[in-house]
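Hello,

Here is the structure I said I would pass on. My notes on it follow below.

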Amino acid sequence: MKTRITELLGIDYPVIQGGMAWVADYHLAAAVSEAGGLGLIGAGGMPADLVREQIKQCKALTDKPFGVNIMLLNPDADAIAQAIVDMGVKVVTTGAGSPEKYMSMWKEAGVKVIPVVASVALAKRMERYGADAVVAEGTESGGHIGELTTMVLVPQVVDAVNIPVIAAGGIGDGRGMAAAFMLGASGVQMGTRFLLATETNIHQNYKDRVAKASDIDTQVTGRTTGHPVRILRNAMSRQYLKLEKDGASFEELEHLTLGGLRKAVVDGDVKNGSVMAGQIAGLVDKQQTCAQIICEVVDEAKQVMRERSVLFG
Ligand SMILES: Cc1cc2nc3c(=O)[nH]c(=O)nc-3n(C[C@H](O)[C@H](O)[C@H](O)COP(=O)(O)O)c2cc1C
């Protein structure tokens, strides 16, 4: 499966595993890269030393390209940006802001820069600053989200920029991948589907909660604070939404979610923690290896594209 993304990144399949904070460690990243996709270490709120260690461990497990996702709000973002250069990481994806200030350093070091965007305006700005591709992430995604759906965002970003576009948000199988190609994307990024990967080191309670989620099981907290986050419905999300409706202060709301993702991922507290997952969770119920996930998604995408082309001539 050759696309502009496989060519750009030197990978076999245009499948990128989302760099999920607390979830995507070097085990997962290496497994995805070994399977022919692009694995990402989710640096999230990690200190720079830990990111360096994760990169070192990932290199010990795979010779294939892998990347790091950096959350630009991380207080250690400068040091992590430098670590990416020092340690010869091939790809960086960025969330929560604009990576402009690191762009020239990364480009000089030959790092491929792929910002995550939720609007056409940001996609165009990133292209102007030298991004190699963008991830256009729709609001169906798990975690921090924008407003537009994948269906409307991807084609508009594709029309607005000349660099390749990776679609994210709501893609959980080969049908989703085929649909993303039809919208003009050159690759897909999946987060929720990889939550159930065998190589994903999260508490089993988290995996079980995702596996049994239905199509209408996600809720969005934080719309009033300007930081919307999609999570699976639980006692915490219900309380959060009630507080938001009652006009609670920013501090009160923050207090409720502080350390919430860690609580769910590490402690397995899926009642009071933030069980981040996308709307596609309703479709995701199989625990498989990364290699099985990638093969199944790619094979199904090829099959549905063949079937549809026969159907419509
Ligand atoms: C648990 C979880 C944590 C995430 N953390 C991050 C993150 O730290 N940085 C980031 O850019 N995206 C993050 N995301 C978004 C994913 O990288 C990916 O773009 C998204 O999950 C794709 O949509 P999907 O969930 O429908 O597959 C996270 C998603 C999940 C489910």
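**Domains**

The chain divides into domain 1 (4-201 + 287-312) and domain 2 (214-276), with bounds that come from an automatic or database domain assignment. This is a predicted model: local features need pLDDT of at least 70, side-chain atom pairs count only at pLDDT 80 or more, and totals for chains, interfaces and linings use all residues. Residues are numbered from 1 along each chain as its sequence is written.

Between the C-alpha centres of domain 1 and domain 2 there are 25 Å. Contact involves eight residues of domain 1 and nine residues of domain 2 (C-beta atoms, placed from the backbone, within 7 Å). On the domain 1 side, four of these residues are nonpolar, four polar and none charged (nonpolar: Ala, Val, Leu, Ile, Met, Phe, Trp, Tyr, Cys and Pro; charged: Asp, Glu, Lys and Arg; polar: the others, Gly among them).

**Helix pair**

Helices α11 (residues 235-245) and α12 (residues 250-257) pack with their axes 10 Å apart, at an angle of about 180° (axes are lines fitted to C-alpha atoms over the stretch in contact; angles run from 0 to 180 degrees between N-to-C directions). Helices here are DSSP runs of H or I, at least four residues, and strands are runs of E, at least two, numbered from the N terminus. α11 is therefore roughly antiparallel to α12 (angles over 145 degrees; under 35 is roughly parallel, 65 to 115 roughly perpendicular, the rest oblique). From α11, Met236, Gln239, Tyr240, Leu243 and Glu244 meet Glu252, Leu253, Leu256 and Thr257 of α12. That contact has five nonpolar, two polar and two charged residues.

Regards

Conventions: Two residues are in contact if their C-beta atoms, placed from the backbone, lie within 7 Å.
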